[in-house]
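User: I would like to go through some labels assigned to a structure and see what each one rests on.
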Amino acid sequence: MPSTPRRAQVPHQDSCSIWSNVAEMTQPDSPEGTGLTRRELRELRAREWAEAEAAASEEHPFVTGGTPVHGEPAPETTSDPFVSERPAASADPFIGVQQTRQPQRREEPTRAPAPRETRAQAPAASEREPATVKTSIGSFAAEDAHSSGELDSLLTTGNHVTGPKRRRRGAIVIILIILALIAGLAFGGYWLAQRAEGPLADFFGWNAEPTDYESGLATGEATILIESGDTGWEISEKLNDAGVTLTPGVFYDMLVDIQQNPNFVPGVYQLQQKMTAGAALSALQDPASKLPGIAFPEGYSVEQIIPVIASALEISEDDVRAAVEDPSAYGVDADTLEGWLFPTSYDYTPGTDITEVIQGMVDRTRESLAKAGVAEGDEERVLTIASIIEREAPAGEFGKVSRVIENRLDIDMMLQMDSTAQYGYGEIHSGSVFTSAEALADDNAWNTYVITGLPATPIANPGDDAIEAAMHPDNGDWLYFTTVNLDTGETKFAATLEEHEQNVAELRTWCADNPDNAGCA
């Protein structure tokens, strides 16, 4: 608020002296003591009251909006002799003119009314002696020391900060404090939530399991076979099965995100384990990663291996089928070479005799059987169990799945393995973990939902780990198992049917939440 010049004040007078002054201003001295008529007095009083309000408005611009002129005294107002006829409080609760008087009676002698002809000689309002007028903030209240001090401080001229500026600065300070509190609460809540577990952290994704390996973890070797017609999802699953990527769908999801549909050249590729999806894509598009010769992963069936051999040797698939038709030509006492073509990479190049290629694969299987301690004559049984393990068990769970198979065989309980039903019905390459009703009901020598014991032959070509697990299962009383998360491969085992049904329900719930996963089709 701009500084306001202090108005001139008359020395302190009691109410009697004020009343005397008012009488003197309104009644001229005359021998007869004759005064103005009541109507003239009322008109004079109205003019004086208007002047008093105008003076008060100019003295307090921070309330009325007026702007005082520094250095000029505020206009004076006069007392109103008819105070009793006005309300005790002003209609405006923020500004008013208060008359200060004491209740004592005036003891001066009564003057006689002035003669009528002398009324015109009454001094003008501006010439009369000014009466003491006090202004106060608020309604008219009795004056005390506190209110008088507040008024004097408001009217004091100086270099102090005025009201509006002080209020603006106070508002800015309050806003800054509120913003600081909000920022502090937000940061504190974020800090606590990051360290919290449960639904809140799950909702914000702080506890989400990673789906891709971090850069710099790649190690070892992994061989990937890409066949003609492989889709992005099929390649994504192959990369995960070989230990290249962390989850089955991360490579496919990356292709969707970058909106690319690369043209993958069929063949065998040398990669590393624990690669990021991006690094795996770069390797598959690098011609230097493509290996000469023949390679295929664990769990492939003979029908899947035939086109790989044909492509590598640049011969027809019919020539390969004819070469594998008679197992005895390779010293195998079985009805088929299923399970005897060991999954690994070979240096065979075009022009190599097909029988040499097949014999080399059979010989590599015999090496693995001997290493695991398989007795002569028990090879077909072990390869059959190992092939089921290869098709059913996720990485790290081979020993448990082997124990489930042994526990069921020991009590003549049907194996009820979906992989065997799918193989016998021709659905093994469907990619789904669920078996069709037709495959489950089909009466064939491989459907373990129909027959008791092992299927007629192996259902795939197992590797070293599966053959080792078939010979040395883990200890446990499990009779059931199922994968409950197809992305991570999490598998749960159970000793009772009731517990197993709960696990199957968990798998179905996961598939309901992930309908795009090919394994749930």
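Analyst: This is a predicted model, and the labels are taken up one by one below.

User: What makes Cys511 and Cys520 a disulfide?
Analyst: The S to S distance between Cys511 and Cys520 is 2.0 Å. The cut-off is within 2.5 Å, so the pair counts as a disulfide. A search of the whole structure finds one disulfide.

User: Why is the disulfide of Cys511 and Cys520 called left-handed?
Analyst: The torsion about its S-S bond is about -70°, so the disulfide is left-handed. Cys511 and Cys520 are both buried.

User: Why is the aromatic pair of Trp233 and Tyr252 called edge-to-face?
Analyst: The count of aromatic pairs comes to six. In the pair of Trp233 and Tyr252, the centres are 5.6 Å apart and the planes stand at 85°. Trp233 lies in helix α7 and Tyr252 in helix α8, 19 residues apart.

User: Is Trp233 called buried or exposed, and why?
Analyst: Trp233 has a relative accessible area of 14%; buried means under 20%, so Trp233 is buried. Tyr252, at 35%, falls between 20% and 50%, so Tyr252 counts as partly exposed.

User: Why is the pair of Phe251 and Phe264 called tilted?
Analyst: The ring centres of Phe251 and Phe264 are 6.3 Å apart, with the planes at 45°.

Key:
Residues are numbered from 1 along each chain as its sequence is written. This is a predicted model: local features need pLDDT of at least 70, side-chain atom pairs count only at pLDDT 80 or more; totals for chains, interfaces and linings use all residues. Side-chain values use heavy atoms; hydrogens and water are left out. Buried means under 20% relative accessible area, exposed over 50%, partly exposed in between (1.4 Å probe, protein chains only). Rings of Phe, Tyr and Trp (its six-membered ring) pair if their centres lie within 6.5 Å; planes under 30 degrees apart count as stacked, over 60 as edge-to-face and the rest as tilted. Helices (H or I, at least four residues) and strands (E, at least two) are DSSP runs, numbered from the N terminus.
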